[in-house]
Amino acid sequence: MTETVTSEPALPNVFARAIGIITSPKATFEAVIKHPRSVGILFVVALLTGTSNSAFSLTERGRQAQVDFQVQQMERFGVTVTDEMYARMETQSRYAPYTGFVGTFIAFPIFVLIISAIFYAIFNAIMGGTAEFKQVMAVASHAWMVPTLGALFAGVLNFMRGSIQPSVANLGMLLPMLPERSFAANIAGAVDVFQIWFITTLSIGLGVLYKKKTSGIATVLFILYAVIAIGFSYYF
């Protein structure tokens with residue numbers, strides 16, 4: 001008798017995985033965990049995020065919108081913007097698209113590395129999990145396709161409106177009757193559709209990796225998200 005040897009399916013290419021995280025996250029995470037790879041998807045995420053954040057700022061209209069947004073944020077923290085400060089921001093806005101695009105490729109991998117280390121410490125050191133760090137990072141890296149989709153969506157809307165909004169898919173958009181900058185309005189503005197989608201997707205990935213229920217992981221992450229949202233809303 002001849003013994004039949006079955007080999008594991010090969011890891012789909014990075015573009016198939018990027019789409020798979022959106023359309024079929026569980027099956028995609030199962031493949032990623034067997035063959036943990038992070039570099040390719042990190043490059044795609046950084047490329048799409050950097051492009052969506054910088055493309056609008058390459059236009060004169062976009063540069064002005066960027067300066068106006070910076071002024072609004074500074075005034076929100078009680079900073080008085082002088083003429084000299086405004087002129088300096090206008091000058092810097094000419095280089096911001098390029099520095100921002102390059103900075104995405106530096107900052108994003110570092111951020112994902114930190115997030116992965118936190119989850120690795122919680123699930124392995126505290127909860128007794130046995131996953132490898134590269135598997136945790138692969139899960140976090142692929143889950144970030146959801147916020148990337150949100151960044152692309154925001155980039156298109158900002159370009160169409162000619163203004164910059166940090167979040168364009170939040171609950172506050174559906175509740176315009178709330179008083180501006182009120183506690184309720186800030187909470188509604190902190191509830192972002194893509195962030196909720198991201199937490200759900202990340203919970204699926206961690207559940208597959210550690211063989212735990214997605215609902216339990218999602219509950220903890222959503223509680224943490226709610227605490228952060230309420231804290232920021234109270235501060236602002």
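## Thr 49 in helix α3

Thr 49 sits in helix α3, which covers residues 39–54; helices here are DSSP runs of H or I with at least four residues, strands are runs of E with at least two, and both are numbered from the N terminus. This is a predicted model, in which local features need pLDDT of at least 70 and side-chain atom pairs count only at pLDDT 80 or more, while totals for chains, interfaces and linings use all residues. Residues are numbered from 1 along each chain as its sequence is written, and side-chain values use heavy atoms, with hydrogens and water left out.

With a relative accessible area of 17%, Thr 49 is buried, a word that stands for under 20% relative accessible area, whereas exposed stands for over 50% and partly exposed for values in between, using a 1.4 Å probe and protein chains only. If its neighbours within four places in sequence are left aside, Thr 49 is in contact with Thr 104, Thr 148 and Ala 151, where contact means heavy atoms within 4.5 Å.

## The chain and its confidence

The chain has eleven helices and zero strands. Of its 236 residues, 39% are buried. Among contacts between residues at least 6 apart in sequence, 68% join residues at least 24 apart. The accessible surface of the chain is about 13,900 Å², and 67% of this area belongs to carbon and sulfur atoms; such areas come from the Shrake-Rupley method with a 1.4 Å probe, and for residues only the protein chains shown count as cover.

The predictor's confidence in each residue is called pLDDT and runs from 0 to 100. Its mean over the chain is 83, and 82% of the residues reach 70 or more. Confidence is highest in helix α7 (residues 133–143), at a mean of 96, and lowest in helix α9 (residues 183–190), at 61. Over residues 1–6 the pLDDT stays under 50, and the model has zero contacts beyond four places in sequence for this stretch. Where pLDDT is low, the predicted coordinates should not be read in detail.

## Aromatic rings around Trp 144

Ten aromatic pairs are found in the whole structure; rings of Phe, Tyr and Trp (its six-membered ring) pair if their centres lie within 6.5 Å, and planes under 30 degrees apart count as stacked, over 60 as edge-to-face and the rest as tilted. The rings of Phe 108 and Trp 144 have centres 5.8 Å apart and planes at 75 degrees, so this pair is edge-to-face. Because Phe 108 lies in helix α6 and Trp 144 in the loop between α7 and α8, the pair ties together parts that are 36 residues apart in sequence.

Phe 111 and Trp 144 also form an edge-to-face pair, with 5.4 Å from centre to centre and 85 degrees between the planes. Phe 111 lies in helix α6, so its pairing with Trp 144 in the loop between α7 and α8 ties together parts that are 33 residues apart in sequence. Phe 111 is partly exposed, with a relative accessible area of 41%, whereas Trp 144 is buried at 14% relative accessibility. Phe 108, Phe 111, Trp 144 and Phe 198 form one aromatic cluster.

## Two salt bridges

Side chains of opposite charge can pair when their charged atoms come close. The structure holds two salt bridges, each being a side-chain nitrogen of Lys or Arg within 4 Å of a carboxyl oxygen of Asp or Glu. In one of them, the side chains of Glu 60 and Arg 63 meet at 2.5 Å, N to O. Both Glu 60 and Arg 63 lie in helix α4 (residues 60–76), three residues apart, which is about one turn of the helix, and Arg 63 is buried, with a relative accessible area of 16%.

A salt bridge also joins the side chains of Lys 134 and Glu 132, at 3.7 Å, N to O. Lys 134 is partly exposed at 48% relative accessibility, and Glu 132 is partly exposed as well, with a relative accessible area of 41%.

## Gln 135 in helix α7

Gln 135 is found in helix α7 and counts as buried at 16% relative accessibility. Not counting residues up to four places away in sequence, Gln 135 touches Ile 33, Pro 36 and Leu 209.
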